[in-house]
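Visitor: I have a structure to go through. Could we begin with how its helices pack?
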Amino acid sequence: METSRREFLKGVGVAGTGAVLGFPAVVSAQARKGVPSDPVKIGVMPIRAGVAAPVGAAGQRGVEWWAERVNKAGGILGRKVELVFEEESNPKDTLERFRKLALQTKVDVIVGGISTAVGLALGPAAEELKMLWLSWDATTQKGVEETMPKPTYSFRSVDNEVEAIGGALLTAKYLKGVKTIAGINNDYSYGHDCWETYQAVLKRYTPDAKSVLELFPKLGVTDFTSHIAAIQQAKPDLLMTSFWSGDTTILMKQAAAVGLFKTMKACFTTGGGVHDSLKKEFTPEGLILGYNSMYFNYAGASALQKQFVREYKAKYGEYPPYECDHGYFTVESYKAGVEKAYKAAGEWPSKEQVAKALEGIEVESLSGKRSWREDHVQMCSFFQGITTHKNEFDFVTIDPVEVLPTTRIMKPTTSTKLLEWINSTFPLKG
Amino acid sequence: MRRGPVALGLAAVTILALPLVAPVYHVLLMLPFMAYAVILLGLNLLFGYTGLVSFGHALFMGIGAYTGAVLTTHLGVRSLELILLASAVLGALVAAPVGALCVRYVKIYFGMLTLAFGMLFYTFLLKFYRLTGGDEGIRVLRPSLLGFDLAAVSKTDYLAGAYYYYSVAVLVLAALLMWRIVHSPFGLCLRTVRDNPAKAEALGISIVRSRWYAFVISAVYAAVGGALLGPPIGNVDPTLAYWTHSGNIVFMTLLGGFASFFGPVLGAFVFIFLQDTVMSVVPYWRLIFGAILAFLVIFAPGGLMGLFAGRRPGEVSRA
Amino acid sequence: MTANLINILLGGVFHAAILFLVAAGLQVVFGVQRIFNLACGSFYALGAYVGASAVNAFTGAGGPPALFIVPLALAGLLVGVVGVVVERGLLAFVYDRDETFQLLLTFALVLMLEDIVRLTWGTAPYSTSALYLAYGQVNLLGATVPVYNLIVIGASLAIALGIGWLLTRTVFGRIIRAAADNREMAEALGVDMRRVYAKVFTLGTALGTLGGALVIPATAAMSEMGIELIVEAFAVVVIGGLGSMRGAFVGALVVGVFRAVAIAVYPELEMLMIYLVVIAVLVLRPRGLFGRVAV
């Protein structure tokens with residue numbers, strides 16, 4: 001009885017969250033040697049509430065789109081894919097959900113994780129539980145330092161600071177003559193680290209650049225009138241921000257209301273996360289804007305990305321943000337890892353074998369080629385550029401688009417000291 | 001009245017046998033349950049026995065959790081006994097002045113003051129990130145138990161085995177001690193202060209001082225329980241000190257029934273396992289939990305214990 | 001220099017104007033019903049979402065952008081009717097219970113409303129795009145000030161005066177004050193407390209929802225904005241004194257302006273500053289600046 005009730009509940013959950021992606025006509029599961037016939041269970045952990053909920057939704061949509069296609073094409077080595085959702089929330093509850101997926105639902109792999117605090121709890125848990133964990137956006141960094149130098153089962157996102165480095169590169173290249181800078185960043189590690197890093201890189205190009213104001217409003221603040229007044233008082237040449245959620249839109253709108261960017265340049269390293277809310281009426285041309293690791297309108301995009309953008313727009317009525325591709329990449333690389341390990345093992349690979357196979361693996365993701373570095377860090381390209389109104393939308397896009405690979409804007413190993421690297425071997429040109 | 005001891009005995013046997021029979025995941029879910037049970041035993045000295053509802057006890061849970069983190073990560077102290085002791089002492093040290101300010105008031109005023117201090121601490125944890133790790137918090141390394149470092153055991157086995165029974169022991173001790181407290185003359189004082197302050201005064205009981213003792217004791221319980229929450233997570237962060245966390249433990253108390261000694265413990269148990277199920281089934285679990293809470297407040301203020309007892313405990317309505 | 005000062009002060013006052021509306025809703029309910037409404041922040045969020053929806057529907061139907069304030073304010077006021085539903089459907093059952101239960105019931109509302117908002121509007125920030133700029137800017141002694149901010153400040157001030165008039169010059173106001181002073185006496189004199197409670201709670205709710213609606217053009221609605229705001233509104237009433245309308249007014253100004261000055265002078269203190277003021281008030285003058293004797 002007990003089992004049947006649990007199965008029933010699971011069925012309800014699946015219907016409720018739109019989880020198991022149909023079992024379409026292609027049930028001609030090509031029985032392969034050593035491959036079980038039951039579905040592969042993939043645990044997915046999107047954030048559902050709070051500031052980062054839209055990011056969580058985007059990651060989930062990327063994974064769902066992938067699962068639909070993979071199941072239509074026959075699954076992974078003939079095994080159907082079944083998605084099991086558990087919510088990412090605060091670190092304590094998320095860890096409990098992670099344990100549930102690993103110990104109770106017994107999934108084959110877990111993808112997801114956006115907040116750093118959550119990543120810091122999940123990384124060690126993945127190792128303890130010997131559970132493959134492919135992070136979307138979360139790192140296991142404390143500040144700019146890696147806390148897990150030699151992981152076996154956990155694979156994490158790019159360093160938190162890469163967009164700030166990219167933003168500083170573009171500032172030096174496009175916004176000449178910037179001497180005084182002000183920063184407004186969220187009051188948590190990501191915000192603090194981005195601001196420190198941005199200044200350090202900019203100083204490599206403009207040694208006499210100096211900070212005149214640093215503001216750290218709490219994440220979730222929805223009124224920046226007072227902050228903008230402080231910025232007006234400080235009169236910097238440029239305002240830098242790593243805002244990525246709805247606060248980007250609010251800041252832009254309230255800045256426009258007092259004409260802030262008429263006299264000042266700006267660098268929004270991560271604002272592309274809410275790109276379609278940055279309407280032309282209040283977002284000027286000529287700002288630096290970063291779209292993280294996927295730019296929906298990139299002219300050089302692959303056929304895969306173009307198809308994804310089209311179908312996403314048709315289904316959700318908006319253009320996809322970058323997190324979709326983090327989601328897509330984690331599951332697509334898992335599939336590739338399983339297939340690669342299967343070739344070597346001749347049977348469905350263990351989690352250890354998949355983990356080994358993932359090291360250094362490269363796959364075609366939505367935004368182009370992406371890979372896992374040998375030390376389990378995601379490698380991809382970042383898209384940043386200068387805002388323009390010359391497009392068919394009612395919001396800004398970027399032109400020119402600079403494609404910045406992590407091989408250029410991320411420190412080469414997790415053990416490299418970030419500031420030492422920026423001040424020594426960081427490639428100024430290229 | 002034979003039912004009580006029988007139920008308690010059954011619960012004890014179940015808890016002791018659980019790691020041998022239940023799936024590991026459910027054993028691990030018992031760890032936050034036991035931590036919350038300790039916290040709630042203390043909270044209910046204030047809520048049920050003294051009539052003061054704190055909306056700021058996340059402060060003391062946070063103190064306990066961060067004490068464990070700082071001791072294991074920064075000071076090299078790994079002994080869980082020392083961590084619990086230090087948490088208790090720090091909890092009491094902070095609760096003494098905070099409590100002295102808060103217990104001058106009752107009802108809403110008391111609730112708001114505790115909320116204010118709770119949020120002050122939360123903001124401190126978030127702001128002073130060099131000291132507290134900010135949003136990232138601080139790691140909690142695996143504590144040693146009774147001098148055994150148990151480093152050879154896998155973390156899951158450690159948690160589902162030694163740490164589990166250690167938590168059981170802490171909970172049992174905490175419950176025995178609290179039982180003594182509420183059945184002592186002091187416990188009687190608290191109830192008199194709650195039900196009839198004028199009479200208490202006439203009897204020569206210092207109302208403010210009794211409340212203050214209750215506040216400090218409950219804070220010590222919250223800090224010890226908070227310290228137990230840390231190791232299973234492995235990393236503590238400021239969300240543990242946010243005001244909604246304080247709200248949750250009040251919710252648990254009400255769910256189980258604040259009018260009974262074991263009510264809150266039952267509440268913690270039901271809350272955790274209900275949340276576990278509901279979260280997996282529907283994304284909108286907060287709506288369901290809100291509805292459950294509203295239902296309890298309106299129709300079953302005595303909580304689950306009140307329903308089992310089949311009668312409304314005398315102290316529920318005291319408008 | 002003057003321009004900067006004006007920017008900083010007006011930034012603070014704008015924030016205070018919104019805070020005042022929410023805190024006033026909290027105060028009127030507490031003053032009469034002795035309920036500390038944790039859900040006031042959720043009503044604020046609800047007002048923001050409904051206001052934005054109304055405005056978007058209005059402009060979508062071809063309404064002139066310059067008139068958007070009309071559907072905005074109407075929607076903000078009208079959604080206040082959820083107050084009646086909540087009061088009659090939930091709170092009315094627990095008036096004879098301890099205040100704690102009433103507090104917990106409003107906590108239940110916080111949990112439920114957050115999910116109801118997410119179910120209805122999704123999780124993405126929701127806004128009225130660029131209407132904020134529709135009224136342009138004015139130059140005040142060298143400072144550029146968005147006209148909409150001035151409208152909100154003016155509206156909030158007008159509402160403050162209106163409430164003052166309502167409380168002191170009308171029959172309803174006298175009943176409210178009588179009920180706040182001595183409920184039994186008011187009842188003995190023939191006041192139907194059921195109706196008074198329903199009206200008072202609705203008024204309190206409408207103030208919160210209107211606050212949310214008025215702020216939305218300048219910002220974007222997010223599902224957890226209520227939980228964030230409750231803490232600030234709470235600081236306002238502690239500083240001003242629970243239950244006092246003048247307290248809400250002065251408290252909101254103190255919180256808004258202190259925050260703005262802290263951001264301009266020593267940004268590290270931003271939120272901490274408010275808690276420090278709260279604790280200072282609690283220690284030095286526990287009943288707040290305008291509160292009656294506590295307990």
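Guide: Helices here are DSSP runs of H or I with at least four residues, numbered from the N terminus. This is a predicted model, in which local features need pLDDT of at least 70, side-chain atom pairs count only at pLDDT 80 or more, and totals for chains, interfaces and linings use all residues. Residues are numbered from 1 along each chain as its sequence is written, and chains are lettered from A and ligands numbered from 1 in the order in which they are written.

Visitor: At what angle do helix 2 and helix 5 of chain C pack?
Guide: Helix 2 (residues 40-60) and helix 5 (residues 99-121) of chain C pack at about 15°, and their axes are 9 Å apart. The axes are lines fitted to C-alpha atoms over the stretch in contact, with angles from 0 to 180 degrees between N-to-C directions. Helix 2 of chain C is therefore roughly parallel to helix 5 of chain C (under 35 degrees).

Visitor: Now chain A: how many of its residues are in contact with chain B?
Guide: 31 residues of chain A are in contact with 27 residues of chain B (C-beta atoms, placed from the backbone, within 7 Å).

Visitor: Which helix of chain A gives the largest share?
Guide: Helix 3 of chain A does, with 9 residues.

Visitor: And where are the domains of chain A?
Guide: Domain 1 covers 2-158 + 303-379 and domain 2 covers 162-292 + 381-423; the bounds come from an automatic or database domain assignment. Their C-alpha centres lie 30 Å apart.

Key
Two residues are in contact if their C-beta atoms, placed from the backbone, lie within 7 Å. Helices (H or I, at least four residues) and strands (E, at least two) are DSSP runs, numbered from the N terminus. Angles under 35 degrees count as roughly parallel, over 145 as roughly antiparallel, 65 to 115 as roughly perpendicular and the rest as oblique.
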